[in-house]
Amino acid sequence: MRATTVAVLSLALAATAGGLRPEPVAPAAAVVPDVPSGAAAARDAELAKQAAGVVDVFQNWSAVFSPDGTAIAFISNRDGLPQLYLAAAAQPAATPRRLITSAERVGQARFTPDGKSVLFTSDHGADENWSIFRFDLAAGRAVELTPGEELNRDFPFVPAGAPGVMYYSARRMDAPASALYAQPVAAGAAGKPGKEPRRLYGEPGLGYLAGVSRDGKRAAWVRVPSATENYLEIVDLASGTARAIYPATSASAASAGSPAAATIAASPASPPSPPSPASAASPASAGVRIEDAALSPDGRRVYVATDAGSEQALVLALDAETGREQARYTEAHPATAGLGPIVLGKRGDVMALGLLAGNRSEIRLLDAATLRPAAKVELPLGRGTPTALSDDGRHLAVTWSTPSAPDDVFDVDAGTGKVSPLRRDQRPGLSGLPNLEVSVAEVSAFDGLKLPVNVYLPAQAAGKRLPVIVSYHGGPAGTSVIGWSSLARFFTSLGYAWVEPNVRGSDGFGRAFEMADNGPRRLDAFKDVETTGRWAAAQAWADSGRVVVFGGSYGGYTVLIGLTRMPSLWRAGVDLFGVANLRTFLKSTSGEIREVFKLEFGDLDKDGPFLDSISPVRDAAKIVAPLFVYAGANDPRVPRPESDQIVAALRERGVPVEYMVAGNEGHSLSHRENRIELFARSARFLERQLGR
């Protein structure tokens, strides 16, 4: 993996307490992780049994139909790691066939148009340098089609009318520059890869392939200068030339029916903020956000899911030659929802849409010709997405979960909207988990903005004062969506209340809400962290003296912000691969994230002082609460040195800190043994720190 090396200060390690000793690691590691011993190891072993019961409630996801509709391929972690499985579509109770046995996780999968093979992606050590493989169903053999250069590859498209070639977008991990590649799907002699990929189109910034026409002649490409300024292009795959199609940039195109880019509504009023970093855009910036795009099978029409630069969620059907609008779907419930992905079948007469309505998901079925609503899909309150339509357009595969049921795959009748399971697997550990009381509260921010908060309480806890875990999502523009969470189920089974705030900057609540934390407005989001934390501590079910701040990725950064800026609020913290130092992070993270963070936080070259001011490591001396830290050794998004820095700073001051590093993980917890270890160790750590 080509992760940029980040220099960190090598600090003397303070003596560790609680039965922990430093774990021997390679000399290159700046900070040594801990290994539990003695009483701590014994308690971990006890908690691991309970953690295993939750972790082994496995998930199935990302089902796709075979061309004849008789089989599904899907991803499952039933054997401890996301792997590829095959099952009969009409036999949900039958044991699925595991297609590969690998020490590496599988990302996505799709049948080739002839149904004889399955394409899938896998990386090494969860480093996100995804390679594409082909599994021959008859021979029972997989071959890597993209060996050699390490690239962050997106999943390929194989046009049904030209099935010999796959098309995919990719980029180096250390740079945003993206390119469109074409490569034969067939393997070479003796199972070796075929011809080398051809680079058809590229640009210096971030972009991705959204779809390919059935005949393999044109592609839809989305350019992503920032999270809220996107452009849709049509690429001629023969010549490699591209032309802009949306948003309309000329008066003639706009008058022809294509909506022009609009200025978004300003965010809610707030007290004066510090001077803006030079490069940070305000929430009044122009541009449109494109959630997804797709080409009709004949390539004559392109669909785009967008906010059109406003608070309105739309799907537009545009003429692929002229950009003229031919049809429009307007989402009203709520208008601020995020729409996508767009899923089209081989016939192109049915469209399925995922909908992120803030803290819940929904599914829409539309007539692809008119974009009028078709059958209504009734699913329980939860989280999920459509993944594939069958070739005949009659069946839609959906992944769905609820707080009480893990992610699983379902079949939606595209004509009636009726939902039936594609899998009926036995999960013995599920019945042993306590019931949950799930609710959504609305908390008022300092400026009156409403902050949705998901609350999960163990049902048997009525009348008790519970220790509280306040868990902040990643992103920054992520969302805490009501659904299955093994972490939430584990900690609620131990008697904790689990609270998930969606502070400003979260996705699915509208453009203004999502952009309300950009640049210097990040400080407003920090105020939301304090507001929601204090709200949780003040509830009748909460023990205000035992409130824990918890989060991963940007949520881990939020943990460190909470511990440095409002230290009296929290009794302890759990930081999973969180950013400690924005300077070192932006120098070492992936090129894709670096570009996105220019709008979210600021530019490293122009906004250094501001980035320093909101870097938790600068204020590490203010941390007084004990902290548990987890990192993946191969993390390309938040490289391990970020966790090293905060651990070293706390050890130097003697603040209780425990550090776990997984050698076979990246920005992930994919392996069963790592999940069980993290659950058990963090629970034991909190037990001790909270005096339970």
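1. Two strands pair if DSSP finds at least two bridges between them. Keep that rule in mind for the sheet described next. Note also that this is a predicted model.

2. Four strands make an open sheet, in the order E23-E24-E25-E26. The pairing is antiparallel. From one strand to the next, the twist averages 35 degrees.

3. Which strands stand at the edges? They are E23 (338-344) and E26 (373-376). Each has a single partner strand, so one side of each lacks a neighbour in the sheet.

4. E24 covers residues 350-356. Five bridges join E23 to E24, and the two run antiparallel.

5. Now turn to a pair of helices. H3 spans residues 486-493, and H11 spans residues 672-690. The two pack at an angle of about 40 degrees. Their axes are 11 Å apart.

6. Why are H3 and H11 called oblique to each other? Angles under 35 degrees count as roughly parallel, and 65 to 115 as roughly perpendicular. The angle of H3 and H11 is about 40 degrees, and the pair is therefore oblique. H3 passes H11 in a right-handed crossing.

7. Which residues of H3 meet H11? They are Ser-486, Leu-487, Phe-490 and Phe-491. On the H11 side stand Arg-675, Phe-679, Ser-682, Ala-683 and Leu-686. The residues of this contact divide into six nonpolar, two polar and one charged.

Notes
Residues are numbered from 1 along each chain as its sequence is written. This is a predicted model: local features need pLDDT of at least 70, side-chain atom pairs count only at pLDDT 80 or more; totals for chains, interfaces and linings use all residues. Side-chain values use heavy atoms; hydrogens and water are left out. Axes are lines fitted to C-alpha atoms, for helices over the stretch in contact, and angles run from 0 to 180 degrees between N-to-C directions. Angles under 35 degrees count as roughly parallel, over 145 as roughly antiparallel, 65 to 115 as roughly perpendicular and the rest as oblique. A crossing is left-handed if the near helix is turned anticlockwise from the far one by less than a right angle, and right-handed if clockwise. Contact means heavy atoms within 4.5 Å. Ala, Val, Leu, Ile, Met, Phe, Trp, Tyr, Cys and Pro count as nonpolar, Asp, Glu, Lys and Arg as charged, and the others, Gly among them, as polar.
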